[in-house]
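Visitor: I'd like to talk through the aromatic contacts here, with the reasoning spelled out. Could you take me through them?
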Amino acid sequence: MAQRYTLSNGLTVVFEEQHAARVAAFQVWVKAGSADERPDQAGLAHLHEHMLFKGTARRGPGEVARDVEAHGGEINAWTSFDQTVYHIVIASQFARMGLDILGDAIRSSAFDADELAREIEVVCEEIKRSQDTPARRASRDLFSTAYQEHPYRFPVIGTAESVRSFSRDKVLEFYRRHYTPRNLVLSAAGDFTEAELRQWVEELFGGDWGRPYEGGVTRAREPEVARRRVLLRPDEVKEVYFNLAFPIPQADHPDVPALDALAMLAGQGEASRLVLEVKRKRSLVNDIHAYAYTPRDPGLFSASFTLPPAKLTQALEETVRVLSTLRTSLVPADELATVKALIEAEAVYQRETVQGLARKMGHYQSSMGDLEAEARYYEAIARLTPERIREVAERYLRFDRTIVTGLLPPGTAFGAEQTEEILDRVSRETPAAPAERRAPRAVPGGPALQVGRTVPASPGKIVEERLPSGARVLVREERAVPLFAMRAAFEGGLRYETQENNGITTLLGRSLTRGTPSHDAEEISHLIDSFAGSLSGQGGRNSVGLRGEFLSRHFQDAFRLFADCLLNPSFPEAEVARERALLLQDILTREDKPSGVAFDLFGRTLFRTHPYRLSSLGEQASVEKLGPDALRAYHAAYMDPSQLTLTVVGDVRTDEVLALAHEAFGASRGRAAPPPQVRPEPPPDSPRSAKKQLARAQSHLVLGFQGVRVNDPRRHALEVLSTLLSGQGGRLFVELRDKRSMAYSVSSFSIEGVDPGYFAVYMGTSPEKVEAALAGIREELARVRDEPIPEAELARAKQHLIGTHEIGLQRNGARAALLALDACYGLGQENFLHYAERVAAVTAEDVRTVARQLIDFERGVLAHVGP
């Protein structure tokens, strides 16, 4: 149960004990964001997010991150219009130390002038990265058009010009005003006792900080929107980015619960109206969603979509029709009931991790004024009626006050006049009665399950059984939250593809839930929502499968739906055609994500014969030829129950899981094919490089080498090596970002496969810094290969790996995925159960050995994407 108290200095503390995992999360919510800046301070709140980890009175530059990572924790921050939030997750045995580090950063940051100058350069790199992201550009246009006076019109990150103008004195002025106890909320969740927490907080956050609270900043009020605002502009994008928005109230307004439900009805999830009508039935958009953004001051209700330019007129017309219908017609009671259940289920899913729980408490206390706001919110959700939904839709979805923005690919013939005509014409139509929402039929599988035997299982124990078909089933009971996760995994993925069928794994994964003989795609979407869960196919480099997460009270029905989609996908012609068109659009728009282009280019350059050279999305020529027959043939050959690994983790009974698994997967279909023969790729015999020119603000670099297999005994040493280089305390981050301000993003990756994968470094940097950046990367790689690794640094990397592994496994879905893939690849439970001890056993010599074996610049591969 969440609790709250206040220190004598005014600091508010909210907390909840949570002992399911030996992990603790602490977050400090500063009630000041970019909307609390003066015009000459644009980007200053966000700069604090960077500077608070750059040293304190007790810790030098880099020590904050190193201390956290040395104890297996993660520390980071985010900035919004209304808050700046600093958060740490750490093993509970080091909880007090984690809180000390966070308190030290908040209370006693040094703001060293040299560090400030370097970090300003890093933020300017981050600004360039955001300029290369179409979704960010589209969002900036929306907010600068929706807000004419209020500071929400400015980007949170600021501009290069404003950020470069900041002096240490200007930074300290903002810090002293806003970083004072009465303006902070400390949110804590995890494996500690109330007595421990109170003692730690008093020691670390108590007393006089010497910064009296001066009160909040008065923000400019935004005048009421009296007429439409339209901003459509050409941009170097491959598809249209379009926003249709309406002004709505702030977070604490009584209409917000109804607006959240309206947004979910309109455009959240596969069964929502915009997705069904505009994306699925009419194939007019590549993606569409609606949301109610309700910050501290009045916000926006927005329908956002991406689409080919030729479909813009029709897509806008249909979007307006769907929203108009919500204004004029009552939502069916069962549709509203499903949405209410989904919103209520979100609170359950948030409790899976201590950081999710801490974030929820921090939000309600800092944004809504008290923890009790959560109960009031869910009470309001429970009271919603169809009449109330129509009332708020009519009040706020006003087409005479719409805000319309869009990024249009060059040559798109569409403008403000056309937009105005569509809004006028369609909003004045008498909306047709909405199509009757079909109640989904019951999931096949017979009556309620009769369990014939009891399988002893204790929470946390893994029970494994081989079915008569040959399928492997692994179950792990976990009672912390009333949820469960399922994963089905089969060997396959990109590794089984050829140039001729490249993309089949992705298309198959997207089509698995688009129809069976028992249910069509729309019914499946409604069933998933009615079980308050998620269900989707997925494909990777080495596997293909299905993932699902649901409330445990729907276990039997959800399991049978999962099994139906996995065993009996019918791959209807219309649905496959629709998914293929969406996949082709994703292929067309790849260049809008230049870092992804760089990794694709790296893969094609490192691998010349192996399927790992292929793009996971496929290519236009190969995807265009894929149809239902190809998917059915692949499914029959490589997704037979005899080839299945199934994992179920969460609030379930093992005997019930195994009985259902026997019912669904106990018999083979008898059509399984042997795996294709895949010849390993020989390592490069000389350096290779490739460059792709893209007119972007940043250059994207990937420098790497052939790596190891998933079952290679060196993989743990390689993970330690990558951690030495990566992370906020790693060498690449410290040397190239912190000390030399070359990049905002720099990291290393070890991607193992059933066949050798790769080890690589990625960096996004300014074009003029490319040569120096490459020299710096090579220097750090050579140093880690050729010089002895200090024991303290090695210990930090190992502890960080072990700790973040545990933090990442808080979710049922993460545990189910790891168990499934380990079993699928023949690694067994040993990897899951003994990861920590295997990492702990890695020596400095192990790391240097694997570094010497892999880091060979005469066999290195460089991919460069940029101007």
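This is a predicted model: local features need pLDDT of at least 70, side-chain atom pairs count only at pLDDT 80 or more; totals for chains, interfaces and linings use all residues.
Guide: Gladly. Phe-26 has 0% relative accessibility.

Visitor: What makes Phe-26 count as buried?

Guide: Buried means under 20% relative accessible area, and Phe-26 is at 0%, so Phe-26 is buried. Phe-192 is at 1%, under that same cut-off, and therefore counts as buried too.

Visitor: Why is the pair of Phe-26 and Phe-192 called stacked?

Guide: By the pairing rule, 29 aromatic pairs are counted. For Phe-26 and Phe-192, the centres are 6.0 Å apart and the planes 20 degrees apart. Pairing needs centres within 6.5 Å, and stacking needs planes under 30 degrees apart, so this pair is stacked. Phe-26 is in strand E3, while Phe-192 is in the loop between strand E6 and helix H8, 166 residues apart.

Visitor: And why is the pair of Phe-81 and Phe-143 called tilted?

Guide: Their planes are 50 degrees apart, with 5.5 Å centre to centre. Phe-81 lies in the loop between strands E4 and E5 and Phe-143 in helix H5, so the pair ties together parts 62 residues apart in sequence. Phe-81, at 9%, is buried, and so is Phe-143, at 10%.

Visitor: How do you know that the charged end of Arg-198 sits over the ring of Tyr-5?

Guide: The distance to the ring centre is 3.9 Å, and the distance limit is 6 Å, alongside a limit of 35 degrees from the ring normal. Arg-359 likewise lies over the face of Trp-78, at 4.1 Å from the ring centre.

How values were computed: Residues are numbered from 1 along each chain as its sequence is written. Side-chain values use heavy atoms; hydrogens and water are left out. Rings of Phe, Tyr and Trp (its six-membered ring) pair if their centres lie within 6.5 Å; planes under 30 degrees apart count as stacked, over 60 as edge-to-face and the rest as tilted. Helices (H or I, at least four residues) and strands (E, at least two) are DSSP runs, numbered from the N terminus. Buried means under 20% relative accessible area, exposed over 50%, partly exposed in between (1.4 Å probe, protein chains only).
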